[in-house]
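Here's a quick walk through this model, from single chains to the places where they meet. Have the structure open while you read.

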Amino acid sequence: MLSGLFNSTTIPALGEVLNFAQARHTVLAGNIANVNTPGYRLRDLSQTEFQQRLKEAITASRTSAQAVSPGLAYSEPGDPMRQVRSSLENLVYHDNTNIDLEKQVAEMTKNHLLHNFALTVMTDQFQLLQSAISERV
Amino acid sequence: MLPALDISTSALVAQRIRLDAVSSNLANLNSLERDASGNMQPYQSRYVIFQTDEALETKQGAVGVKVASVQTEQIEPLYRWQPSHPYAIKDGPKKGYVAYPNVNMTAEMVDALVATRAYEANIGAMELSKNMAQQSLRILG
Amino acid sequence: MTPITGLPLTPPQAPALANPLAPANAGGQQFKNILLEALNQVNTMQGQANEAVQQLVTGGDVNPAEVLTTLQKADISFRMMLQIRNKLVQAYQEVNNIRI
C-alpha cells in the first residue's frame, strides 16, 4: 500500500527527469572542460530519446500498476541516448574538436531550467501529500 | 557526489597551467637558457598539450581534462648582428650573429585570451552545478 | 338553551409533518450530492494537473506556465476541500458533544 502511495502522483516520473537533468549537466560540464583538448568530440545525452523512454515507461507503469522503473537516465556507450543532436554539431576545427562554447552554455542553462522545474513540481507534490496526511492545510 | 564540480575544477587547473606557460613565454622574450649540453641557447616557447582525463570519467560519458605534458618548441631563433656580444656565434655561416628567442607575442596574447574565456566558461558551469545541488536540498521542504 | 354538543376536539394537524424525516432527508441528500460532486471535481483537477505535468516531461506541446497554473489550481482546490472537510468534522464533533 505504501509503495503505491506515490504511483498515482507524478513523483516517480519527475524523479527520473531529475536524474536525467543531473547526468546531462555532468556531460555538458565535461564538454566545456574539454573545449581546448585536441581530438575531443562533442558528447551529449539526447533529451528527445529520454522523453520517448519516459513516455513508454509511464504507459507501462499505468497498465501494470507498478512504479516507473528507475534507471531510465542510465546509458551505455553506444546507446542511442548518447547521440548528439544535429543542430549542436559544429564544424571541425584544426585541432580536431567541434565544440561551440556558446551553444554548450545555452544547453546547460536550458537543462538547469528543466531541473529546477522538475524539482519545484516534485516538492509541491510532496507537500500536498504531507498536508493530506497531517490534515493541516 | 557531483562529478560535475570535479570536471570543471580539472578544467580550471588545466587552463591555469596554460596561462602560466603563456606568462613564461611573454616574460622570457629576450632571455637565454642553458640547454642539456651546458650551452646558452635562446629561450624556446613552452606550450601545453591537453588530454581527456579518464580518471574523472563518469558512467554517462563525461570526462575531465588534464595537462598531458608541457612541450618546448623547436623553431628557428631570430638572429641579430652583434659581433662584440659575448654570446655571438664564433664560427660558421652565422658568425657574428646573436641568437634571440623567437616568441610570437600576438599568438601568445591570443592564447591567453582563449584560456581566460575557457576559464570563465568553466566558472559559469561550476555556478550552475552549485545552484543545482542547493536547489536539490529543497526536496526536503 | 341548546346543550353544548361536543366540540370538534381533533388536535390540529401539524402541517406537513406526516413524514417528519422527509425534508431533513431531502436536504441531507442534496448536501451529500453536492459534497460528492465537489470531491469529484477536485479529483478531476488533480488528474488534469498530473496529465499536464506528464505531457510536459515527455516532450508534449504544452506551455510550462500553463502547467504550473493547472498545478496551482489543483493544489488550491485540494486545500479548500481539506479545509471544508476539517470544518465538517469539527461541526460533527461539536454536535456530538451537545449534552442532552
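Helices (H or I, at least four residues) and strands (E, at least two) are DSSP runs, numbered from the N terminus. By that reading, B:Ala11 sits in helix H1 of chain B, and we'll come back to it below.

A word on the ground rules. This is a predicted model, where local features need pLDDT of at least 70, side-chain atom pairs count only at pLDDT 80 or more, and totals for chains, interfaces and linings use all residues. Residues are numbered from 1 along each chain as its sequence is written, while chains are lettered from A and ligands numbered from 1 in the order in which they are written. The scores are ipTM 0.78 and pTM 0.77.

**Chain B**

Chain B holds two helices and six strands, and along the sequence they run α-β-β-β-β-β-β-α. With a radius of gyration of 22 Å (taken over C-alpha atoms), chain B is well over the 14 Å that the globule rule gives for 141 residues, so it is more spread out than a compact globule. That rule is 2.2 Å times the number of residues to the power 0.38. The C-alpha trace spans about 80 × 25 × 20 Å along its principal axes.

Buried residues (20 or more other C-beta atoms within 10 Å of their own, with C-beta atoms placed from the backbone; 12 or fewer is exposed, in between is partly exposed) make up 28% of chain B's 141 residues. Two residues are in contact if their C-beta atoms, placed from the backbone, lie within 7 Å. Of the contacts in chain B with a separation of 6 or more, 59% are between residues 24 or more positions apart.

Helix H2 (residues 105–136) of chain B has 32 residues and should span 46 Å at 1.5 Å a residue; its end C-alpha atoms are 47 Å apart, which agrees. The expected span is 1.5 Å times one less than the number of residues. Its buried residues include B:Ala118, B:Asn122 and B:Met126. Among what covers them are H1 and H3 of chain A, together with helix H1 (3–27) of chain B.

Is B:Ala11 buried or exposed? B:Ala11 is buried, with 30 other C-beta atoms within 10 Å. Leaving aside neighbours within four places in sequence, B:Ala11 is in contact with A:Ile32, A:Ala33, B:Val65, B:Ala118 and B:Asn122. B:Ala11 and B:Asn122 are 111 residues apart in sequence, yet 6.9 Å apart in space, C-alpha to C-alpha.

**Where the chains meet**

Two pairs of chains touch, and chains A and B have the most contacts. Chains B and C do not touch, with their nearest C-alpha atoms 16 Å apart.

| Contact | Residues from each chain |
|---|---|
| A and B | 31 residues from chain A, 29 residues from chain B |
| A and C | 19 residues from chain A, 14 residues from chain C |

On the side of chain A that touches chain B, helix H1 (11–33) and helix H3 (101–134) of chain A each give two or more residues. H3(A) provides the largest share, eleven residues.

**Chain C**

Chain C has two helices and zero strands, and 10% of its 100 residues are buried. Chain C averages a pLDDT (the predictor's confidence in each residue, from 0 to 100) of 82, with 81% of the residues scoring at least 70. Where pLDDT is low, the predicted coordinates should not be read in detail.
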